[in-house]
Amino acid sequence: MTTTSIPVARPRPASSLPWLRHSLSLAGRSVKKMLRHPEQFFDVTLQPVLFLVIFVYVLGGAIAGSTHDYLQFVLPGILIQTVLFSTVAIGVNLNTDIKEGVFDRFRSLPIPRSAPLVGATLAECLRYGLTIAVTMVAGFVMGFRPTTSPVKVAIACLLVLLFAWCMCWIAIWLGMVMREAGSVQGIGFVALFPLTFGSSMFASVDTMPGWLRAWVDINPVTHLTDAVRGLLTGGPVAQDAFIALGTSALILAVFAPLAVSAYRTKA
């Protein structure tokens with residue numbers, strides 16, 4: 001009697017990085033949600049243009065004596081400021097999603113617990129990249145011209161994007177521990193004001209009083225601004241870029257685990 005062998009289905013090998021696959025899928029979900037609600041892009045498209053117009057044409061002549069010269073100086077700062085302020089939105093949105101039960105559905109799925117958070121941060125990079133693009137285009141229309149190579153301009157944009165991505169984990173942590181979305185936004189903006197305005201974004205450090213300069217000199221946003229300014233318009237870059245990258249790594253190392261831990265507790 002001839003025995004017929006029945007083929008047995010072999011299980012597919014598991015992905016070596018399942019969390020990355022799930023995170024990318026959830027990032028795609030977040031991007032689709034953003035595209036269905038284009039008003040979410042108002043702050044990252046209109047705000048940088050308004051800040052450029054106000055600072056350059058209202059304050060530029062008084063601060064630098066020339067609106068063109070001040071545009072060359074202030075555009076890197078406004079580029080960083082608008083991106084950093086946009087990082088608060090992810091904490092507000094996640095706080096709202098938890099209250100509405102969105103993450104309860106994620107918990108029932110066979111995915112890593114951190115995947116929704118990582119996916120949300122990856123999707124936020126779209127908004128940050130759009131802010132950078134709008135600021136650069138608006139600055140170019142107003143007369144800004146980089147004096148360095150296209151490679152250095154690209155590195156400057158990536159440096160801002162990386163710093164913002166690390167900073168958004170602070171907003172996520174706030175979104176997990178705060179009771180109300182309004183509290184996340186309020187605390188986030190209050191924390192960002194001394195970081196952005198108490199820096200070299202809008203005026204030379206040499207013109208500041210000693211007590212303020214002591215803070216500005218240790219402010220990581222000052223080093224990020226000086227590095228980006230050097231990459232766009234020339235000047236020393238290495239030391240400031242190293243400090244900015246080190247600060248980014250430190251923020252990520254501290255607040256990403258805190259955010260994931262708070263998310264596991266709350267969601």
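**Helix α4 and its cover in the predicted model.** Helix α4 is mostly covered, with nine of its 12 residues buried (under 20% relative accessible area with a 1.4 Å probe, protein chains only; exposed is over 50%, partly exposed in between). The buried residues are Val 88, Ala 89, Ile 90, Gly 91, Val 92, Leu 94, Asn 95, Asp 97 and Ile 98. This is a predicted model, in which local features need pLDDT of at least 70 and side-chain atom pairs count only at pLDDT 80 or more, while totals for chains, interfaces and linings use all residues. Residues are numbered from 1 along each chain as its sequence is written, and side-chain values use heavy atoms, with hydrogens and water left out.

**Length and end of α4.** After α4 comes Gly 101, with a positive phi near 85 degrees.

**Thr 225 in helix α10.** Thr 225 sits in α10, residues 220-233, and counts as buried because its relative accessibility is 0%. Beyond neighbours within four places in sequence, Thr 225 is in contact with Gly 77, Ile 80, Ser 200 and Met 201 (heavy atoms within 4.5 Å). Ala 156 is 69 residues away from Thr 225 along the chain, and their C-alpha atoms are separated by 9.7 Å.

**Setting of these views in the protein chain.** The protein chain has 11 helices and zero strands (DSSP runs numbered from the N terminus: helices H or I of at least four residues, strands E of at least two). Of its 267 residues, 45% count as buried.
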